[in-house]
Amino acid sequence: MADPIITLTTDFGEAAPFVAAMKGVILGINPAARVIDLSHQIPGQDLRFADFFLAHALPCFPPGVLHVVVVDPGVGTDRKLLYVEVDGHRLLVPDNGCWTEMARGALQPAVVRWLADPRYWRQPVSQTFHGRDILAPVAAHLSLGLNPELLGPLVSDWIRLDPLTPRIDPAARQVIGEVVFADSFGNLITNVPSQALEDIGGPPWDIRLEGQLIPRWVRTYGDAEPGAVVALVASSGTLEIAVVQGSAAAKLQAGVGAQVTIRAGG
Amino acid sequence: MADPIITLTTDFGEAAPFVAAMKGVILGINPAARVIDLSHQIPGQDLRFADFFLAHALPCFPPGVLHVVVVDPGVGTDRKLLYVEVDGHRLLVPDNGCWTEMARGALQPAVVRWLADPRYWRQPVSQTFHGRDILAPVAAHLSLGLNPELLGPLVSDWIRLDPLTPRIDPAARQVIGEVVFADSFGNLITNVPSQALEDIGGPPWDIRLEGQLIPRWVRTYGDAEPGAVVALVASSGTLEIAVVQGSAAAKLQAGVGAQVTIRAGG
Amino acid sequence: MADPIITLTTDFGEAAPFVAAMKGVILGINPAARVIDLSHQIPGQDLRFADFFLAHALPCFPPGVLHVVVVDPGVGTDRKLLYVEVDGHRLLVPDNGCWTEMARGALQPAVVRWLADPRYWRQPVSQTFHGRDILAPVAAHLSLGLNPELLGPLVSDWIRLDPLTPRIDPAARQVIGEVVFADSFGNLITNVPSQALEDIGGPPWDIRLEGQLIPRWVRTYGDAEPGAVVALVASSGTLEIAVVQGSAAAKLQAGVGAQVTIRAGG
């Protein structure tokens, strides 16, 4: 059997010693653990970003992997730390909504425990770095086979971010959504499922980003000439606005939160 | 025997969930695979950069390692995806020339297959993320021992970037080359092999970057005082222009493509 | 027994092929080695930064792990490369002071060897990339069980950075220290141990950063409202100046080297 896997997702960047400290703590408890970086470039304390990231990355992993997430503006306050099982994925997260989409997309209700037993923590516990002092050691103990029931009691309520749901109006044959992610190429990914476009009828669609018409619908970037502004279905299955071999974010001066409107018909 | 190794080189950056998704797909198929990051900081869709990167990194690896490369401006078009064996190194790459130098420097002709059999792909295959949906799962299956012959047919032609060959003129005792890489320190690495400098005679050499005289020849950075503009042999074996404890790119206002001229004699 | 671990800390960034080349060299010698990235974002040739990073990261690791550090402005000169054992941690470092704090905080005197035997190096050795040509292969050989005595002779002297010690004046009930690290959130971490604040008496304390009063003392960030300028004990155990959900570095226009003064009493 392969050695257990622990992934790390943080907003620490890589210049500070924080990520390295977490890796050391994990390997000190379970030298056989395989620690895998998902990202340390989550923008500081950006829970929406973390939520999008986790919802698009974690479902690709096999069940059983432990995912440690440290985006934690409330560190040291009375916010809880949680152990979560959701569709077989196992998360260690602050109770701040950073896994809202994971829970919403799940087939089974999540099982959630409050990390209450300090026996599995590093001592002394600092007030500002629970990633190193609580989440990393708990992950390492779990990777050794610790029964999660020993971590703390079940909880039935936890923080959820407000949903970013597009407004679909079949009568008006219209969807209004928003950009929820901009990747490093400047592609703008919205919260409008491609299914919603089919539901309102069309093609053709009139697609506008903050009022600016998106002139072309393509299957993939290479279907239009460099510099063309295009709409397509993102790899996440939602509507995406892109500039071929360029940046839609720069060219359209738009980012997360920009409104996208789609109307079916000519 | 050690568990199989799969390396990842992309232009995705680490903020987006794309790299994490690929790691999840690989581990879902082969939980024992060891996934190693080479770089996710290749500039977006920069094939020349990827080509330089791979030519200077992959030959350091032992044979048999699987190298997945996702710098793929043509994703979703009819550009092929390839499985390559070159001097024992195994690559999974888009057919866009990103491995030109690897092939050119090889002792044996490359064996190249077109990834044509969707049995080894993730379904459904998106139009914009073949790294996750084709290259990652194929790499994982290969790491489990899949016979590459099952991936698809041999191909005998593939895209090559135009060579960036310096012009060597032994009669005029002159070489004209160019900067092909600038590292994070601002060191400017050229395409002029140190052997070419010996071939035209000298030292001394008159070395100029875009017309600016490079006044000092050194063995290593620390051989001159901080701030000195120097020429030396890079760790890649080619001519490098540097500023000691500073940035040649900034000080000389030069980057990739800048012309370097070397004349032998006084 | 778990496979041996080799960590990498460099100032190379991830765009250049240097880190990847080191990983390849290690795996070529010991395919079972587990290579773990600590950071490749150490600012170029910044020995103070590397020293802080290592002192706060390496003690979290279990003994026996091999830590390779390449922050090496003197590469190719007659500066030595060292194998260090300090409190069970094993380092491969240039002799430039980058591990000063590790040695200062140690319970046992360090055992230090000069890497003098080229049998364990990659050939040919370049003048500008000893990370790839000396440190990586030596680490790989050590991970296979090589006796460190074979690397080269013991040395009893090595470079140390000047200590950044705060001035504690119990009579005046005052401490004067400085900012030694700014993390990616803009938190400013000083060299003043929390114990020193207790030693001069208080609370209350009058805390000033470059003359600016820090108005609040908190246990953790979330104890004050967003935007508040606060002082607290950092996860490293020293005084930290922060802005809640903001950047103290930006708001107070201060960074590494800024003076912090603490006086006890009203």
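**Entry 1: the contact of chains C and A**

I began with the contact between two of the chains, to which chain C gives 31 residues and chain A gives 30 residues, contact being taken as heavy atoms within 4.5 Å. I note at once that this is a predicted model, in which local features need pLDDT of at least 70 and side-chain atom pairs count only at pLDDT 80 or more, whereas totals for chains, interfaces and linings use all residues. Residues are numbered from 1 along each chain as its sequence is written, chains are lettered from A and ligands numbered from 1 in the order in which they are written, and side-chain values use heavy atoms, with hydrogens and water left out.

I then looked up the area, and found that chain C and chain A bury about 2400 Å² between them, with 63% of it on carbon and sulfur atoms; buried area here is the accessible area (1.4 Å probe) that two parts lose on being put together, summed over both. Of the area that chain C buries against chain A, 25% comes from Cys60(C), Phe185(C) and Ser235(C), which is more than any other three residues supply.

For polar links across this interface, I recorded 12 residue pairs in polar contact, both residues of each at pLDDT 80 or more. A polar contact is a pair of N or O atoms within 3.5 Å; within protein, one must be able to donate a hydrogen and the other to accept it, and residues adjacent in sequence count only if both atoms are side-chain atoms. The salt-bridge count between chain C and chain A is 0, by the rule that a side-chain nitrogen of Lys or Arg lies within 4 Å of a carboxyl oxygen of Asp or Glu.

On the side of chain C that touches chain A, strand S2 (34–39), helix H2 (47–57) and strand S13 (229–233) of chain C each supply at least two residues; helices (H or I, at least four residues) and strands (E, at least two) are DSSP runs, numbered from the N terminus. I divided the residues of that side into 17 nonpolar, 8 polar and 6 charged, where Ala, Val, Leu, Ile, Met, Phe, Trp, Tyr, Cys and Pro count as nonpolar, Asp, Glu, Lys and Arg as charged, and the others, Gly among them, as polar.

**Entry 2: how the copies are related**

The copies use different surfaces, since 3% of the contact residues of chain C recur in chain A.

I repeated this for chain B, which can be laid on chain A with an RMSD of 0.0 Å by a turn of 120° and a shift of 0.0 Å along the axis. Here too the copies use different surfaces, with 3% of the contact residues of chain B recurring in chain A.

**Entry 3: salt bridges**

Over all chains, I have a count of 30 salt bridges. In helix H3 (residues 100–104) of chain C, Glu101(C) and Arg104(C) lie 3 residues apart, about one turn of the helix, and their side chains meet in a salt bridge at 2.7 Å, N to O. Glu101(C) is partly exposed at 32% relative accessibility, and Arg104(C) is partly exposed at 40%; buried means under 20% relative accessible area, exposed over 50%, and partly exposed in between (1.4 Å probe, protein chains only).

**Entry 4: two single residues**

His89(B) is in strand S5 (residues 89–94) of chain B, and at 8% relative accessibility it counts as buried. Leaving aside neighbours within four places in sequence, I find His89(B) in contact with Leu58(B), Pro59(B), Phe61(B), Pro62(B), Val84(B) and Met102(B).

Pro31(A) sits in the loop between helix H1 (18–29) and strand S2 (34–39) of chain A, and is partly exposed with a relative accessible area of 40%. With neighbours within four places in sequence left aside, Pro31(A) is in contact with Ala2(C), Ile5(C) and Arg34(C).

Definitions and conventions:
Copies are superposed by least squares on the C-alpha atoms of residues with pLDDT of at least 70 in both.
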